[in-house]
2 protein chains.
Amino acid sequence: MPTNQDIKVAVDAVVFGYTSKEGLSVLLIKRNIQPFKDSWALPGGLVGNDESLEDAVQRELKEETGISINYLEQLYSFGKPGRDPRNRVISITYYGLVKPDVFEIKADTDAAEVSWFNIKKIPQLAFDHQIIITAAHDRLKSKMLYQPVGFELLEERFPFSELEKLYMAVLDRDIDRRNFKKKISKFGFLEETTEKQVLEGAGRPGNLFRFNLQKYFQLQKEGINFEV
Amino acid sequence: MPTNQDIKVAVDAVVFGYTSKEGLSVLLIKRNIQPFKDSWALPGGLVGNDESLEDAVQRELKEETGISINYLEQLYSFGKPGRDPRNRVISITYYGLVKPDVFEIKADTDAAEVSWFNIKKIPQLAFDHQIIITAAHDRLKSKMLYQPVGFELLEERFPFSELEKLYMAVLDRDIDRRNFKKKISKFGFLEETTEKQVLEGAGRPGNLFRFNLQKYFQLQKEGINFEV
DNA sequence: ATTAATTTGCGGAAAATTCACGCAAATTAT
DNA sequence: ATAATTTGCGTGAATTTTCCGCAAATTAAT
C-alpha cells in the first residue's frame with residue numbers, strides 16, 4: 001500500500017458548439033505557461049479542496065474562457081503516469097454542449113487566447129488532449145443514437161433541416177432527409193410552430209420547430225433507439 | 001486557482017461473476033478498519049505515485065481478494081466532497097468480469113473477509129458503494145446490448161441455454177429462447193462444437209458452444225445492435 | 001417575366017427484421 | 001410406460017427500415 005501519495009487532481013473540458021456555417025466545433029485555449037507554452041489545449045485545471053468536480057469544471061471554464069455551460073457530462077479519467085511532464089496528474093474529463101449564442105460571443109473576443117476550432121481542424125494540442133477530444137466526439141456520436149440531442153446545441157426555434165445538418169456534422173456522414181424526419185417525428189420530442197424560416201438562399205421556406213422539453217427530457221431518461 | 005491541493009486518489013472495483021446456480025454476483029470485502037469497520041465494501045484503495053490506474057485496481061484486487069482479472073473497464077469517477085468522512089478522496093471506479101473458476105475458488109476461502117453476493121442481495125455497504133454497484137450493473141446491462149458479452153463470464157464451452165440465462169440474469173427479464181438464438185447466431189461469434197452437454201436434470205442434452213474470439217473481439221470493436 | 005435551381009413536405013412500396021408462437025426429438029423423473 | 005423437461009428447428013404476421021418519387025414554394029439566372 002502506498003504511503004504519502006502525491007498526485008494532483010485536475011479537470012479538463014471538451015466544450016462542443018455547433019452552427020450550420022461552422023459545423024461542430026471545440027473550444028480551446030492557448031497556454032501561456034510551461035509546459036506546452038503557446039500550444040492550444042483544453043480548458044481545465046486543478047480541483048479545489050472542497051469543490052465538486054463539476055464546480056471545478058465550471059469555474060475553470062469561466063476563468064479561462066468566460067462561458068458557463070448547462071449541459072455537462074463526465075467523460076473519462078486519464079491517469080497514466082507521465083501524461084504531465086511535471087507531476088503525476090490525473091485528469092477527470094468532461095464534455096459539454098453550448099448553444100450558438102455562446103458560440104457567437106466567443107468569436108468576438110480576443111482570439112489569441114480562446115477560440116473555437118472545427119472538429120476536423122484541431123491543431124496540435126498539449127498533453128494527451130487530442131485523445132480526450134476524440135473520446136468526447138465518439139461519446140457524443142454514440143449518445144445521439146440513444147438519447148435526443150440538439151436542445152443544448154441549437155437555437156430555440158430552427159428549421160428541421162438544421163437538426164438534420166447537426167446530425168450529419170456530428171456523425172460525419174450523410175443521412176436521408178425523409179427517413180430522418182419520419183424517425184425523429186415519431187419520438188414526439190419536437191413541436192412544429194406556425195412560424196416560417198427566414199431564408200438565406202434559395203428554396204422553399206420550412207416551418208420552424210422547437211423542442212418539447214418535457215418529452216425531450218423524458219426520452220433522455222428512458223433512452224431512445226435511433227438508427228439514423 | 002487552488003494552491004496546496006490535498007486530495008487523495010483511490011480506485012474501487014465492481015467485480016462481476018456469474019454462474020447459472022448463483023446468477024450475477026459481485027465480489028465484496030469486509031472492512032477491518034474505520035470508518036465503516038465491519039461493513040461490506042468494494043475492494044479498492046489508494047493509487048501509488050507511479051502506478052497506472054489499472055495497475056492499482058489489479059494490485060488492490062490481488063491484495064484484498066486474491067483474484068486477478070482479465071476484463072476491466074473504467075466506470076466513473078466519484079469525487080463529491082464528503083463522500084469519505086476522513087479526507088477528500090476521489091475514487092476512480094472500474095468494473096470487471098471474471099469466469100466461474102475464479103468464482104468457485106473464492107467460495108472456498110474464508111468467507112468472513114471476502115465473499116460473492118448476488119446482485120439482488122447486496123448488503124448495506126460502506127461509503128457510496130451501493131451507488132457504484134448500481135452504476136456498474138446499469139453499464140453492464142447496456143454494454144451487452146451493443147457488444148458481445150459472455151466470453152469473460154462463462155466457461156470455455158457451454159450449452160446455448162447458458163448464454164441465454166446469463167442475459168436473463170444480467171438484464172433481469174425474460175427472453176424468448178428461440179428468437180434469442182436466432183439473433184445471437186446471426187452475429188457469428190459463436191461456434192457450435194460436436195460435444196454434448198452433460199446433463200444435470202431432465203431434458204434433451206444440447207450441443208456445447210464456444211466463442212470465436214476473432215469475431216468476438218472484432219464485434220466488440222465494431223459494436224453490435226442487439227435488441228434482445 | 002420565364003426558366004432553372006434549390007429546398008421543403010408528403011408519400012408509397014419493397015425489403016428486412018422482429019415478434020409470437022408451434023411442434024417434434026432426446027433425455028430424465030415417476 | 002408415461003409424464004415432464006429441455007433442445008432444435010421453423011413459420012407466418014406485424015412492424016420497421018430502406019430507397020426513392022414527386023409536387024410546392026421560394027430564390028437565382030437569363
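## The surface near DNA strand C

H5(B) supplies the largest share of the surface near DNA strand C, namely three residues, where a residue counts as near a molecule or strand if its C-beta atom, placed from the backbone, lies within 6 Å of it. This is a predicted model, in which local features need pLDDT of at least 70 and side-chain atom pairs count only at pLDDT 80 or more, whereas totals for chains, interfaces and linings use all residues. Residues are numbered from 1 along each chain as its sequence is written, while chains are lettered from A and ligands numbered from 1 in the order in which they are written.

In total, 21 residues surround DNA strand C, and the closest are Ser161(A), Gly203(A), Arg204(A), Gly206(A) and Arg204(B). Two elements give two or more residues to this surface, helix H4 (160–171) of chain A and helix H5 (177–187) of chain B; helices (H or I, at least four residues) and strands (E, at least two) are DSSP runs, numbered from the N terminus. By class, the surface near DNA strand C has six nonpolar, eight polar and seven charged residues, with Ala, Val, Leu, Ile, Met, Phe, Trp, Tyr, Cys and Pro counted as nonpolar, Asp, Glu, Lys and Arg as charged, and the others, Gly among them, as polar.

## Chain A and its domains

The secondary structure of chain A comes to six helices and ten strands, and its C-alpha trace spans about 65 × 40 × 30 Å along the principal axes. Chain A has a radius of gyration of 19 Å, which agrees with the value near 17 Å that a compact globule of 228 residues would have; the radius is taken over C-alpha atoms, and the globule rule is 2.2 Å times the number of residues to the power 0.38.

Chain A is divided into domain 1 (8–143) and domain 2 (158–222), with bounds that come from an automatic or database domain assignment. The C-alpha centres of domain 1 and domain 2 of chain A lie 28 Å apart. Six residues of domain 1 of chain A are in contact with six residues of domain 2 of chain A, contact being defined by C-beta atoms, placed from the backbone, that lie within 7 Å. On the domain 1 side, strand E2 (23–30) and helix H3 (129–143) of chain A are the elements that give two or more residues, and the residues of that side divide into three nonpolar, two polar and one charged.

## The pairing of chains A and B

Chain A can be laid on chain B with an RMSD of 0.1 Å by a turn of 180 degrees and a shift of 0.0 Å along the axis, the superposition being made by least squares on the C-alpha atoms of residues with pLDDT of at least 70 in both. That is the relation of a two-fold axis. The same surface serves both copies, since 100% of the contact residues of chain A recur in chain B.

Between the two chains, 24 residues of chain A are in contact with 24 residues of chain B. Strand E1 (8–19), strand E4 (44–46), strand E5 (71–78) and strand E6 (89–98) of chain A are the elements that give two or more residues to the chain A side, and E5(A) gives the most, with three residues. By class, the side of chain A that touches chain B has eleven nonpolar, eight polar and five charged residues.

## Ala10(A) in strand E1

Ala10(A) lies in strand E1 of chain A and is buried, with 21 other C-beta atoms within 10 Å; the cut-off for buried is 20 or more other C-beta atoms within 10 Å, with C-beta atoms placed from the backbone. Leaving aside neighbours within four places in sequence, Ala10(A) is in contact with Gly44(A), Gly45(A), Leu46(A), Val47(A), Val89(A) and Ser91(A).

Conventions:
A residue is buried if 20 or more other C-beta atoms lie within 10 Å of its own, exposed if 12 or fewer, and partly exposed in between; C-beta atoms are placed from the backbone.
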